[in-house]
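Subject: Structure handover

Dear colleague,

Here is the structure you asked for.

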Amino acid sequence: MKLRMAHKLALLLAGIGLAAALLMAVLAERVGRTLLVEGAQEALLTSTQVLARRVEVMQANVARDLRIVAEHPLTLRVLKDNEADAADRLARWFEVSMHSQPAYFQMRLISAADYGLERVRIDRHQGQLLRIEDDALQEKAHFPYVSEALALPAQELFSSEIAINHEDGAHDGLEQPTAIFSMPVYAPNAPNGKALGVVVINVDLRNTFALLAQDLPKPYQLFLANGEGDILLHPDAALTFGFDRGERHLIQSSMPALAAVVDGSTDHAVLDFNMDTSHPMVAAFTRMDGAPHTAPPRTLILGLAQPAREILARAEQLRRTLLGLAVPVALGGLVLAFVLARTFTRPLAQLERAAHGFGQGDVATDLPIDRHDEIGTLARSFVHMQHCVGNQLQTLRENQQTLERLSQHDSLTGLPNRRFFMQLLEQALVRAQRHGQTVDLMFIDLDGFKPVNDQFGHECGDQVLQTVVRQLRAGLREADILARLGGDEFVVLLDGALEQDTCATLAAKVIELISAPIAIWQGHTTVRVGASIGLARYPQDGRTAYELLRSADRAMYAAKEAGKGCWRFATSGGQSAS
Ligand SMILES: Nc1nc2c(ncn2[C@@H]2O[C@H](COP(=O)(O)OP(=O)(O)OP(=O)(O)O)[C@@H](O)[C@H]2O)c(=O)[nH]1
């Protein structure tokens, strides 16, 4: 099937529309994806910063709890005087504190004397609070949280490395990631003297971060590394605390973009990484340097990650919406393109019909000539062309008619020539045969014409011929057909079935008319010619035009031979006269 121009144009326009809609959808989806990922990274970064702030607040809370205990008189009474009552009250205090702080594994008051003997100790044991007393209390002077804290000035906080707690009798904290904070206790009247002991709080790292991150939007995944990049918290537990097993799992090894955060060149980073081959993640990390009044300063690198799939779910929704829009838009475009194409091609079809019709002789009158565009110009040009071609055709027809007339008539006299006369005669014979009628033919040859030519010139001869014709016309009936065969020979096809007498009368009249003097040289002189006439009748003298003419010619010669100026019938029985 051949596609019409309108259909091709419609398909082209619709194709362009569909391609544009799809391109827009793809671009919008790409831009949407980028914006979503960037937005998620920003949100993640903000969340890590919020989390870092919470860690600082938590650390400040621990420091505050330690300071209150370190400065309380009960603590001094236990350390200096070893008062059992004071120890009991302090133990209850520890219990209340740990009750309100579920992330505390353990609270202790440790004496500087007796090799760092624990004086008051509350452990979290299988979710319950357990006081450790008497012989179960241990000497801890060799642990940094005791030895190093004793060397600190008042109110300074000791912060341990975050590590797996292997300490004997740590109860729930045993083998758990733990951060240990401690603060020295000084006598109020001797703040620059020797520390009497330390107050210690063991903090459950996982529980702490779970609590701190609990109201962050899910599904976030938490990452924590120390200042060297050792992974402390990670969704894959096998990567955490590698140093505790003699391995190193550094965060910057799996995420090279974090090297700058680990070495301190920048305090944050956003990145994409693959948790495994099928789980691309988007993440943000923030570096936390040690809080003031904390020794030694401990750096932490906190990170939050979110599956890219979750983030891009909205992009998928956008893609579906855009594709859903693209289909009706494309269909609408197809309809619109078809209507537009029809609008453009309808006038062209009109012009095409007009051109076709014009070829068959029709003149179109309903063309869009009032339009002010190229189609209007084309229509006006077509109308102009129609007009010009029409005029040329008219001229051609007129020329053709002139040529036809010239080919059928004698140029000197304007009479039908021999060829045309023979046609007329044949038609007359057919009619006569059909109606069983007769046809009479008069053959006229001028007498003495040559001397006119010879004496007065050819031009005068022409004038004489024209005058003879005028006289013949005047003498013959309207319906009689006069023709010039050539030279000074004329024929008359007499109208109607005539009696022979009538024919003879007409011949006599013709001879008389022709024999009248003819003025030449503008009337200065006259000449005379005569006429010899042969009469022949269909059907007896000839059944065809040729036979009839030959018979009339012979009769005319008979008249010539008889002395000219007379007529003869072709039929021997016919009468003749001079
Ligand atoms: N002026 C003129 N002369 C013509 C024309 N056609 C033929 N003629 C001349 O007409 C003459 C006819 O010759 P003829 O019929 O022998 O002359 P005629 O004197 O009539 O002779 P008869 O018929 O025997 O009486 C010739 O001289 C032709 O040259 C024409 O168109 N114009």
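A polar side-chain atom of K560 lies 2.8 Å from an oxygen atom of the ligand, a polar contact (a pair of N or O atoms within 3.5 Å). The protein covers 68% of the 650 Å² of accessible area that the ligand has on its own (Shrake-Rupley method, 1.4 Å probe). Two or more residues of the shell around the ligand come from each of β14, α11 (449–456) and α12 (458–475); helices are DSSP runs of H or I with at least four residues, strands are runs of E with at least two, and both are numbered from the N terminus.

This is a predicted model, in which local features need pLDDT of at least 70 and side-chain atom pairs count only at pLDDT 80 or more, while totals for chains, interfaces and linings use all residues. Residues are numbered from 1 along each chain as its sequence is written, and side-chain values use heavy atoms, with hydrogens and water left out.

The ligand also has an oxygen atom 3.1 Å from a polar backbone atom of F449. A polar side-chain atom of D445 is 3.3 Å from a ligand oxygen atom.

D445 belongs to a set that points one way from β14, with V439, L441, F443 and D447. Nine of the nine residues of β14 (439–447) are buried, meaning under 20% relative accessible area (1.4 Å probe, protein chains only). β14 runs antiparallel to β19 (530–538), with nine bridges, and D445 stands opposite S532 there. Six bridges join β14 to β16 (489–494), also antiparallel.

Regards

Note on methods. Buried means under 20% relative accessible area, exposed over 50%, partly exposed in between (1.4 Å probe, protein chains only). Two strands pair if DSSP finds at least two bridges between them. A polar contact is a pair of N or O atoms within 3.5 Å; within protein, one must be able to donate a hydrogen and the other to accept it, and residues adjacent in sequence count only if both atoms are side-chain atoms.
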